Amino acid sequence: MAGMTPSDGSVFGGGGSNADFKKGLNKIYTWYTIGFLAFVLLLGIAEQMGMGRAMIGYVFLGATVLLYAGIGVMSRTNDAAEYYVAGRRVPAMYNGMATGSDWMSAASFIGMAGTLYLTGYGGLAFIMGWTGGYCLVALFLAPYLRKFGQFTIPDFLGARYDGNLPRFLGILAAILVSFVYVVAQIYGVGLITTRLAGVPFEIGIFLGLAGILVCSFLGGMRAVTWTQVAQYIILIIAYMIPVVWLSVKQTGVPIPQLIYGQQLEKVTAKEAELIKDPKELEVRAIFKARADALGEKLKDVPAALAADKAAAEQKVAELKAANAPAPEIAAAEKALAAVPKDAEAAKKAWTAQRAGATARSNPLANMPRHAQQFAGNPDGDEKARAAFDTSRRNFLALIFCLMVGTAALPHILMRFYTTPSVKQARESVTWSLFFIFLLYFTAPALAVLVKYEIFSVLVGTPFDQLPAWIASWAKVDATLLSVTDVNKDGIFQLAEMTIGGDIIVLATPEIGGLPYVISGMVAAGGLAAALSTADGLLLTIANALSHDLYYKMIDPNAPASRRVAISKALLLIVALAAAYVAAQKPADILFLVGAAFSFAAAAFFPALTLGIFWKRANKAGACVGMVLGLGVTFYYMVTTQPWLRGVFGVTSPVELWYGIAPISAGVFGVPLGFAAIILVSLVTPAPRKDIQELIDHVRYPTLRGDTMNTQSS
Amino acid sequence: MQLTESHKQYWSKNVRMTGILLAIWFIVTFVVGYYARDLSFNFFGWPFSFWVGAQGALVAYVLIIAYYAHYMNNLDKEYDCAEVEED
């Protein structure tokens with residue numbers, strides 16, 4: 001095994017036995033954790049002594065990025081096995097941590113608790129989907145891929161399905177999936193650095209990019225692995241502290257996961273009150289009236305637009321004639337400028353405004369009741385029954401796509417090539433899920449605790465006594481948080497607030513009344529989550545291009561050092577391209593992340609699992625299955641998702657199959673992929689004998705008399 | 001090469017265990033999910049199906065994977081398929 005020979009004497013690739021290596025790691029990361037806590041403590045003391053908020057933000061941003069860069073420099077390598085699979089000596093537990101932070105992206109860290117806050121039970125699809133998928137990884141893929149023991153997922157497809165066409169389809173799908181996903185991560189990095197350090201969004205992106213690159217660029221998988229372990233430790237500490245604090249504050253018990261059932265009961269009781277509360281009804285009636293007024297205007301857009309314009313012009317003229325104070329005139333002129341330019345623009349703006357007002361006229365600020373499973377009512381009239389069925393079907397379909405997609409994401413599967421053995425690959429899936437589990441079973445608790453805080457502490461507070469965090473976040477971005485006294489009673493009602501899911505986690509320390517240093521730590525945790533995922537994804541793309549496309553398909557005689565050099569160059573290009581796309585702030589980025597799961601599920605899962613569990617599956621079957629699975633998923637999304645319809649200019653009416661939302665398109669692609677592989681394989685010849693032997697080789701950790709034993713590792 | 005009877009037995013045991021664990025995974029996720037509205041009796045404060053979605057299913061997933069790793073590592077030894085590890 002090439003990677004077993006230590007290529008240099010550095011900490012993360014040093015010589016000695018695996019046991020010594022593991023002991024060394026334990027020591028390093030224990031000290032690292034203590035060091036991080038001491039660092040936070042010191043900053044906390046500095047804050048008490050008067051250190052400014054901006055300074056704390058800078059120090060956190062600078063210190064963590066420098067730390068990751070430092071690990072990157074220490075782990076630099078040009079050795080192929082070190083660069084691609086970290087020398088295959090990552091112990092199970094550490095691979096679990098690295099997989100955990102590779103897996104948990106900005107969406108998990110920042111977005112998930114917010115989604116749960118806004119959607120209640122419906123959001124649990126993400127919790128179950130993004131953890132249950134690891135059962136499929138463990139049962140169907142990880143140990144077998146480790147035994148196969150090459151470098152990438154297209155490697156497996158190319159070897160098992162005998163040829164460059166399956167490998168090439170694998171490369172295409174891996175790049176499609178990973179690129180979509182990496183753009184979202186870099187976007188997240190930009191958002192956090194902007195918040196943390198106050199730099200412009202574009203500069204934030206490139207700052208974060210530097211942190212990503214110095215790591216994956218210098219040391220490939222080895223550097224990425226050890227940085228990801230460091231990032232996991234930061235992100236889990238950052239996530240836990242505010243939740244535990246909030247739990248102690250509300251219930252006196254420091255284990256929020258055990259106790260939030262009580263809080264959920266209280267939230268449910270409060271919801272019933274708020275739905276009937278006369279003040280809430282008053283605010284909602286105002287929004288209903290606004291929506292109705294906009295509906296009237298939309299009936300005859302040109303006339304309404306002309307009337308609006310005339311009224312605004314008249315107001316300006318009146319104010320000017322009456323010599324009103326300058327700010328009033330400026331405000332009126334601004335209102336005039338804000339009148340839509342033409343009927344087309346007016347229709348668009350008013351439709352959006354009407355949708356917004358209609359949503360806010362719904363009970364509980366348009367959130368479903370937190371503990372209620374599915375919309376509609378199975379015992380109600382026909383409409384309620386249909387709503388219930390569709391909602392339940394979509395919930396289950398989303399779980400299915402997220403789970404199967406998890407078990408097919410190349411950057412996750414690749415991690416299981418890095419353990420020393422099949423046994424450790426199996427154990428490492430357990431550790432991975434355990435480390436992911438720690439965050440995922442905390443997120444629903446966080447959502448309920450924050451909801452309790454808002455429902456029972458905030459609602460009913462006079463406007464001039466609202467806590468400071470509301471004003472400070474509203475100033476950061478009014479689309480994320482805004483409060484206005486709609487019914488002018490001076491008291492805060494739930495319907496008077498709009499809140500974006502993305503700020504729930506970031507604002508929790510302030511909601512709980514913790515010092516600013518904890519807010520800085522949470523932002524650093526979010527940054528760690530986004531950077532670690534981006535690292536893994538960029539590496540996957542660069543490897544697919546350099547290893548699979550260049551080395552395996554174009555120039556099989558290329559020396560290892562040139563392959564690594566090419567991979568590094570490609571990494572740089574892909575990273576810059578992703579940063580460029582992210583800087584355009586593409587619409588519907590969250591949809592794209594979800595779409596990546598459906599694509600991965602449809603493209604990879606059937607071909608990979610049948611490749612291991614069914615010897616009869618052959619090249620023709622796999623190619624047809626991958627193309628059809630991916631094709632139907634893509635087709636369904638393009639014809640049903642509004643943003644993609646716009647991009648591809650689809651104008652035919654939207655036809656949902658069984659009412660399934662576009663994000664879950666994989667629910668059609670996966671079964672079709674399986675069916676196609678099976679049918680086509682059965683009508684074409686069985687794979688050659690050496691391929692069948694490869695399957696046996698993969699199935700047994702050690703196979704006595706197996707001729708492939710020597711060449712595998 | 002030709003697989004021995006013992007090898008075939010190892011594989012069929014593996015497939016059987018995979019099937020059993022997959023069935024548990026399916027029940028916890030999709031059966032409980034399908035009947036979520038009917039399973040909302042109070043469970044330490046949570047409606048039962050809410051608790052399963054937020055915690056119970058996750059614990060079950062971790063246990064499924066941990067048990068599979070344990071079972072297979074033993075099976076490897078029993079059928080002489082285990083790898084020789086360095087340490």
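1. The pLDDT is the predictor's confidence in each residue, from 0 to 100. Helices (H or I, at least four residues) and strands (E, at least two) are DSSP runs, numbered from the N terminus. Among the elements of chain A, helix α26 (residues 666–683) has the highest mean pLDDT, 96, and helix α28 (residues 709–712) the lowest, 43.

2. This is a predicted model, in which local features need pLDDT of at least 70 and side-chain atom pairs count only at pLDDT 80 or more, while totals for chains, interfaces and linings use all residues. Residues are numbered from 1 along each chain as its sequence is written, and chains are lettered from A and ligands numbered from 1 in the order in which they are written.

3. Chain A has a mean pLDDT of 87, and 96% of its residues reach 70 or more. Two stretches of chain A call for caution. Over residues 1–10 of chain A the pLDDT is below 50, and this stretch has 22 contacts in the model beyond near neighbours in sequence; two residues are in contact if their C-beta atoms, placed from the backbone, lie within 7 Å. Residues 709–713 of chain A also have pLDDT below 50, with four contacts beyond near neighbours in sequence.

4. The contact between the chains takes 49 residues from chain A and 42 residues from chain B. On the side of chain B that touches chain A, the elements giving two or more residues are α1 (5–34), β2 (46–47) and α2 (48–78). The largest share, 17 residues, comes from α2(B). By kind, the residues of this side of chain B divide into 26 nonpolar, 10 polar and six charged. Here Ala, Val, Leu, Ile, Met, Phe, Trp, Tyr, Cys and Pro count as nonpolar, Asp, Glu, Lys and Arg as charged, and the others, Gly among them, as polar.

5. A:Cys135 lies in helix α6 (residues 124–148) of chain A. Leaving aside neighbours within four places in sequence, A:Cys135 is in contact with B:Trp25, B:Tyr61, B:Ile64 and B:Ile65. A:Cys135 counts as buried because 27 C-beta neighbours lie inside 10 Å (buried means 20 or more other C-beta atoms within 10 Å of the residue's own, exposed 12 or fewer, and partly exposed in between, with C-beta atoms placed from the backbone).

6. Helix α12 (residues 301–321) and helix α13 (residues 326–338) of chain A have axes that come within 9 Å and cross at roughly 165 degrees. Axes are lines fitted to C-alpha atoms, for helices over the stretch in contact, and angles run from 0 to 180 degrees between N-to-C directions. α12(A) and α13(A) are therefore roughly antiparallel (angles under 35 degrees count as roughly parallel, over 145 as roughly antiparallel, 65 to 115 as roughly perpendicular and the rest as oblique). The residues of this contact divide into seven nonpolar, no polar and five charged.

7. Helix α5 (residues 106–119) and helix α20 (residues 503–511) of chain A pack at about 90 degrees, with axes 6 Å apart. That angle makes α5(A) roughly perpendicular to α20(A). In this contact, A:Phe109, A:Ile110, A:Ala113, A:Gly114 and A:Tyr117 of α5(A) meet A:Ile504, A:Val505 and A:Leu506 of α20(A). These residues divide into seven nonpolar, one polar and no charged.

8. The loop between α14 (343–360) and α15 (382–406) of chain A holds A:Asn366; A:Phe374 is also in the loop between α14 and α15. Phi is near 70 degrees in A:Asn366, a positive value in a residue other than glycine, and phi of A:Phe374 is likewise near 70 degrees. With 15 C-beta neighbours inside 10 Å, A:Asn366 counts as partly exposed, whereas A:Phe374, with 21, counts as buried.
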